[in-house]
There are 2 protein chains.
Amino acid sequence: MESKDLKQVGLKATIPRLKILKFLEESDVRHMSAEDVYKALLESGEEVGLATVYRVLTQFESAGLVARHHFEGDHSIFELNDSEHHDHILCVKCGRVDEFVDEVIESRQAAIAREKGYSMDDHALYIFGVCSDCQQKK
Amino acid sequence: MESKDLKQVGLKATIPRLKILKFLEESDVRHMSAEDVYKALLESGEEVGLATVYRVLTQFESAGLVARHHFEGDHSIFELNDSEHHDHILCVKCGRVDEFVDEVIESRQAAIAREKGYSMDDHALYIFGVCSDCQQKK
DNA sequence: ACCTAAATGCGAAAGATTCTCATTTCTATA
DNA sequence: TATAGAAATGAGAATCTTTCGCATTTAGGT
């Protein structure tokens with residue numbers, strides 16, 4: 001699985017962009033805020049301005065390299081777009097995030113959009129609950 | 001359809017809370033930001049501080065009187081909880097919001113939570129698209 | 001190597017929301 | 001029904017996330 005080529009998606013291959021992309025690809029945490037990315041880069045000695053992190057993540061989103069989520073509150077969460085589409089189930093206690101795909105839900109969504117006269121662009125489905133670990137800690 | 005009783009949900013019946021609840025019940029717009037509520041009250045001569053609007057809406061959410069949504073961006077959207085659960089389909093052009101309920105999706109969600117070992121608290125499903133009106137204006 | 005457009009970094013600014021705290025208002029109770 | 005005490009409000013300051021402006025630097029084609 002080699003790195004995506006920035007030029008292929010219409011972005012100049014600048015140092016900050018390469019650092020951010022590399023970090024997203026190598027991180028084992030899949031879901032991160034812009035601040036998370038900024039801090040993680042800082043800690044690994046790779047300085048990139050916070051404004052640049054925001055700009056680059058937004059550009060990556062437009063280019064289809066990352067997906068932006070609005071899980072709960074105020075801020076955006078980014079995820080590398082390296083697999084097929086999926087939805088999320090989140091633990092409200094520990095913040096754990098799991099992914100899933102359900103063809104039944106996918107096709108029902110398309111049907112609903114059709115019924116309502118909408119052309120469907122996208123969708124967001126988040127299930128909130130308590131994961132098995134946190135249920136036990138109860 | 002008489003007003004919900006604030007005391008029944010453990011909230012003192014203060015003037016600002018009554019004004020906000022009444023406004024939510026009588027408005028024909030169902031989905032509003034805190035700022036929207038604040039401004040609408042101002043315009044109808046009912047002054048309530050913005051901080052109070054935020055506080056009260058949050059309390060109403062905790063009490064189950066309103067639902068909070070994170071449709072797209074940064075800010076919360078509130079909706080009076082006067083009907084049964086439903087999900088939303090939004091027009092990305094004009095901001096129109098329609099509601100729907102789909103039993104198939106509901107039960108698949110519950111099944112997925114079960115499969116993943118989660119106890120399900122809640123879920124959010126937003127379909128984004130272009131409504132029929134906006135498709136024509138194209 | 002050089003030129004130009006594009007990208008970066010920094011701090012300022014903006015938008016949404018929360019906090020602080022002095023003042024006011026409920027409500028239970030005397 | 002007056003009143004004390006707890007809770008709520010209002011106004012502005014503060015916070016948090018994100019964007020903007022602009023001077024400086026860099027990528028990449030010639």
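I began with helix α4 (residues 103-115) of chain B, which lies across β3, β4 and β5 of chain A together with β3 and β5 of chain B. I noted that this helix runs at about 135° to β5(B). The model is predicted.

Next I looked up the sheet itself. I found 6 strands in an open sheet, ordered β4(A)-β3(A)-β5(A)-β5(B)-β3(B)-β4(B), with mixed pairing. At the edges I have β4 (97-100) of chain A and β4 (97-100) of chain B, each pairing on one side only. From one strand to the next I read an average twist of 20°.

I then checked one pairing in chain A. Strand β3 (residues 87-91) of chain A pairs with β4(A) in the antiparallel sense, over 4 bridges. Within β4(A), I see A:Val97 opposite A:Leu90.

I turned to helix α4 (residues 103-116) of chain A, which also packs on the sheet. I list its contacts as β3 and β5 (119-130) of chain A, plus β3 (87-91), β4 and β5 (119-130) of chain B. Its direction makes about 130° with that of β5(A).

For confidence I looked at chain A, where the pLDDT averages 94 and 96% of the residues score at least 70. I found the lowest confidence in helix α5 (residues 132-137) of chain A, at a mean of 93, and the highest in helix α3 (residues 50-63) of chain A, at 98.

Last, I looked up B:Arg17, in helix α1 (residues 15-26) of chain B. I note that B:Arg17 is buried yet has no salt bridge. B:Asp5, the nearest side chain of opposite charge, is 10 Å away. Leaving aside residues up to four places away in sequence, I list its contacts as B:Leu6, B:Leu11, B:Lys12, B:Val56, B:Gln59 and B:Phe60.

Definitions and conventions:
Residues are numbered from 1 along each chain as its sequence is written. Chains are lettered from A and ligands numbered from 1 in the order in which they are written. This is a predicted model: local features need pLDDT of at least 70, side-chain atom pairs count only at pLDDT 80 or more; totals for chains, interfaces and linings use all residues. Side-chain values use heavy atoms; hydrogens and water are left out. Helices (H or I, at least four residues) and strands (E, at least two) are DSSP runs, numbered from the N terminus. Buried means under 20% relative accessible area, exposed over 50%, partly exposed in between (1.4 Å probe, protein chains only). Lys and Arg count as positive and Asp and Glu as negative; His and the chain ends are not counted. A salt bridge is a side-chain nitrogen of Lys or Arg within 4 Å of a carboxyl oxygen of Asp or Glu. Contact means heavy atoms within 4.5 Å. pLDDT is the predictor's confidence in each residue, from 0 to 100. Two strands pair if DSSP finds at least two bridges between them. Axes are lines fitted to C-alpha atoms, for helices over the stretch in contact, and angles run from 0 to 180 degrees between N-to-C directions.
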